[in-house]
Amino acid sequence: MAKPLASAGSRTTSVRLHDRFDILYDVPIVELRSPTAQAFGVDDQRSVGTSLFALIADPTLPPRGQELGILRMMKHEAILTPIDFGPVDWVQDDRRCLALICERPAGGRLIAGNDQVITPWSDEEIIRRLIEPVFPGLKALSTENTTHRAIRPSNILFRDAGRRQAMLGDCFTAPTAYDQPIAYETIENAMAMPSGRGIGTVADDLYALGVTVLHLLIGRQPGGELKGDALIEEKIRRGTYAALCGEHRIPTILFELLRGLLVDDPAERWGIREIDLWLQGRRMSPKAPPSPPRATRPIELNGEQLYTARGVARALVRMGESATHIIRGHTLEVWLQRTLAHKATSDNFAVAMADVDDTGGAPGIHDARLLARAAMSLDPPAPIRYRGQSVLPEGLGTALAVAVAQKSDLRPLVEILQGRLPQFWLRAQPMQKIEHPVLMLEFDRLRRLLDDHRPGLGMERLIYDANPLMHCLSPLIERDYVDQLNDLLPALERAVAGGKVDSMVVDRHVSAFAANRAKSLDDQVLTALGEPDPATRLLGQIYLLAFVQAQCGPTHLPALTQMLGKQAKPVIERYRSRQTRARLEGQLASVIADGSLTRLVHFLDDLSERQADAQRYAQAGHQYSRAEAGLEKIEFERSQIDETSRDMGSLVAAAVSLVLGGIAIAMSLYHYGYL
Amino acid sequence: MAKLPAIPQQAGMAEAHARRLAARRSLRPPPKKGGGSGLQLFVLGLGFIGMAVFAAPTCVLLVFGMVPSIVAYVVDRGKRPMLAFTIAPLNLAGLMPYLLELWTGHDQMPTVVHLLTNVYVWLVIYLAAGAGWLVFLGMPQVVSFVLQRSLDGRKGKLKELQSKLRADWGAQVGGGEDLI
């Protein structure tokens, strides 16, 4: 992604992206805005005659990072794809936001809202204006092994002014299927909360296409007055086709298509190949999906008479943790084994009851996990339902990111991972897919990540790992919308210069973001950040920021260097030599003035100097010990001095006497002439 | 048996050890001068008898003149008779002029009598021996003074070194563990 540059262009009411696109924030385009992104006019400085518009994404939602890259490369006419994107200074919200430049569809939006009632389209119109133009896009997405997950009438645009050629609208400014009404989502996806639906498959897109076709056919949102859980219940009870079509008469030409697309079993649902053949005129009759196992006698739970395992699972979830006594009791187990008599379900239930992986947590957590496992064993394709949260394993990362960005309770989502519920969900699936073992390993990795409480890891790291384009959520720079490593240091520099930071510039989000984006960051830096010793922690901060500066620049960061350098006293005091400390303290000001964190870190933590300091300190220690031993010896000698003096004195006296006597004798001999 | 770890010597233990050693040394009876020195005594006696036979005047003068040294040798109960070794050279130096006078004269035994009856001869000889005694008594104090000075000097240097190390490396250099 190109480096974002936000600056005023020729107009004062515009903001420029990447030195090319002037986003005109005084020219809103109401008909092109989506629930999670506002639309504005764009002036292209290198215009090639194409009309453009900009989508300004809601900064509280993570965009679909991987899909954004794929769509940008695809540039398919049947799908709204971004030409360019990047953060811009968004004056209206007094912050930076992600802007996405797209080619402006000439025909505008099909309907403004999903509840809008329109004149029903004819079957021919639906095929010519919707299915035929949109289908190549879906085919291309399938080839790229990705999904749209935002197919609904209010997100259908027309690429031509005559509104004859439909195209799929924005699917990248919000998490997967975030704005999809329940009617347009499969039963399992509809059960999941909007932020936890996961990327899904092309089958989910085709299901949504089927509901969209039905919407156009009947002129209003299918499902009638039913909303929310009631609609899901109706879909479960009657099947999607029956629940949504109701009493409406479906034209023969579309009957097969809708029957094929609205099959609830994704394995039996029409795929790309079937629709391709259907468009070529080949008529097929969709297979009737096998009905779920149904008991001969119901089980009564909470006043409800239930015949299916899915119904029991939903009833248990509705009852909450009070349902655990039913799960642990014999009645349900016996009903599953003898009355429902579906071996796979009763086996799954037995595994849920005896899951050895569930090792810890308070009794409440244990009960909630048991309930979640029981629900998964009874209804494997349904999302993980745990303490009011309902997520599909693939949507867990997005759900966490949304919860953090919207400051809602994270604990249940974290507990889902800690309780290894995604792994249980994968094991419980009746159809094991090729990607399941990989996902299992990935969830194990994420759980380990979650259990590692060092800065740069833990829940924050999980968010950035699971959401590739998620911007840094550190309160210091959240409004700067830092989504690339290149932008991290300038944003932190601005925060420090603006007086937002007193001491700790690298918080858990900054460290996790940097560790996610800079894959080669040494693990020891993260360990240092979590150390209780303030000097080590500060050094960890400087190391991390210096690493980013060395990789991405900029070369001059005066405010950051000043702030971190001023706190460097404890780091300097790690040197034992007072002389070294004094020298470093004397030179620190000039290093700070240089504004380079790389230089600062080398100055404060020079390995050869530290080794020499340690060596000299050890030598000094030995010298001190030897001096101490010498002093002890002196005291010992002093205690012995009387005896020593006596012994030595007598010897010296004898020697002195011998010398004096010798001299006197020699003088006598000399006197008498013997010498 | 497994090797036991070395127990570090506590402060003051050296002093106590020294005191114990000193006490043990004071309790030990003084070594006998006989025994090993019996042969020496025999040789000395034989020499003395020889000298008495061949140089009787010198022998008489030596016996009377060296009385302080002989007394010192007898009363000194130490392993080495340092008192006698200190007195003897000066005692001999005091006697030497009279010995030389005896050896240079002709009528030897009367000369010995003449000398031994002269109070000034006795005074010279005993004063010389007394000087030796004084040297013996005074020298330990001198040595103690010199040793004290030497110890003070060494202690001062070591204290100065420790102060310098503390100034360079902080108080931790003298105690605690190396944290790096």
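Me: Why is F255(A) called partly exposed?
Reply: Buried means under 20% relative accessible area, exposed over 50%, and partly exposed in between (1.4 Å probe, protein chains only). F255(A) has 34%, so it is partly exposed. This is a predicted model: local features need pLDDT of at least 70, side-chain atom pairs count only at pLDDT 80 or more, and totals for chains, interfaces and linings use all residues. Side-chain values use heavy atoms, without hydrogens and water.

Me: What makes Y241(A) buried?
Reply: Its relative accessible area is 15%. That falls under 20%, so Y241(A) is buried.

Me: How many aromatic pairs are there over all chains?
Reply: The count is 7. Rings of Phe, Tyr and Trp (its six-membered ring) pair if their centres lie within 6.5 Å; planes under 30 degrees apart count as stacked, over 60 as edge-to-face and the rest as tilted.

Me: Why is the pair of Y241(A) and F255(A) called edge-to-face?
Reply: The centres are 5.9 Å apart, so the rings pair. The planes stand at 85 degrees, so the pair is edge-to-face.

Me: How do you know that this pair ties together separate parts?
Reply: Y241(A) lies in helix α6 and F255(A) in helix α7, so the pair ties together parts 14 residues apart in sequence. Helices are DSSP runs (H or I, at least four residues), numbered from the N terminus.

Methods: Residues numbered from 1 in each chain as written. Chains lettered and ligands numbered in written order. Helix = DSSP H or I, 4+ residues; strand = E, 2+ residues; numbered from the N terminus.
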